[in-house]
Amino acid sequence: MEIVRFGVGHRRPEGPAGSLNVAGQVIVSGPGGVISELAFGRNAAIEPHSNPNATWFVVIEGGGFVRVGEEQGLVAAGEAVFWPPQVPHAAWTDQSRMRAIVVELGAGEAAPGMIVEGTGREVRSGSPAAGSSPGRLTVGSSPRYDPKEGEPF
């Protein structure tokens, strides 16, 4: 059995390239992909970028904002956003903090035939769960952001 530690005390303080106030830790990396933890402080950001692999951004604590292509929206703990290959994407916070697990699937690893737990929907290589358009945010249960009310989380 192999136990990999991540979280407080194990993160690189500089975070990924093109980030501000984000710390990160690679949990595992191999031919099938990379799994990392990212911790966003207040007013943190990962600048818009793209990569050749399908990626899931899974928020496990707090919340913030995400951009996929030209769309942006709120994301909170218990929600995941699909970042398709070659589509610019970003994530950031204002006054809140956010922790996320990032699952970057290796080339061809977007798992045709993989079933998204609890949905019965199939995920095809290079696209999000059935019913969503590649490179688009899906409509979820996140509250609307009202700047007068402060951070939503």
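Q: Where does Q86 lie relative to strands β5 and β6?
A: Q86 lies in the loop between β5 (80-83) and β6. Strands are DSSP runs of E with at least two residues, as helices are runs of H or I with at least four, numbered from the N terminus. The model is predicted: local features require pLDDT of at least 70 and side-chain atom pairs pLDDT 80 or more, whereas totals for chains, interfaces and linings use all residues. Residues are numbered from 1 along each chain as its sequence is written, and side-chain values rest on heavy atoms, without hydrogens and water.

Q: Why is Q86 called exposed?
A: The relative accessibility of Q86 is 52%. Exposed means over 50%, buried under 20% and partly exposed in between, with a 1.4 Å probe and protein chains only. Q86 therefore counts as exposed.

Q: Why is N21 called partly exposed?
A: N21, in strand β1, has a relative accessible area of 45%, so it is partly exposed. N21 also has a positive phi, of about 60°, although it is not a glycine.

Q: Why is H89 called buried?
A: The relative accessible area of H89 is 1%, and H89 is therefore buried. H89 belongs to strand β6 (residues 89-92).

Q: Which residues are in contact with H89, leaving aside neighbours within four places in sequence?
A: With contact meaning heavy atoms within 4.5 Å, the partners of H89 are E47, P48, H49, S50, N51, R67, V68 and W83.

Q: Why is A45 called buried?
A: A45 has 15% relative accessibility and therefore counts as buried. A45 is placed in strand β2. Apart from neighbours within four places in sequence, A45 is in contact with G18, S19, L20, V22, A91 and W92.

Q: How far apart are the C-alpha atoms of A45 and G64?
A: These C-alpha atoms are separated by 9.7 Å, the residues A45 and G64 being 19 residues apart along the chain.
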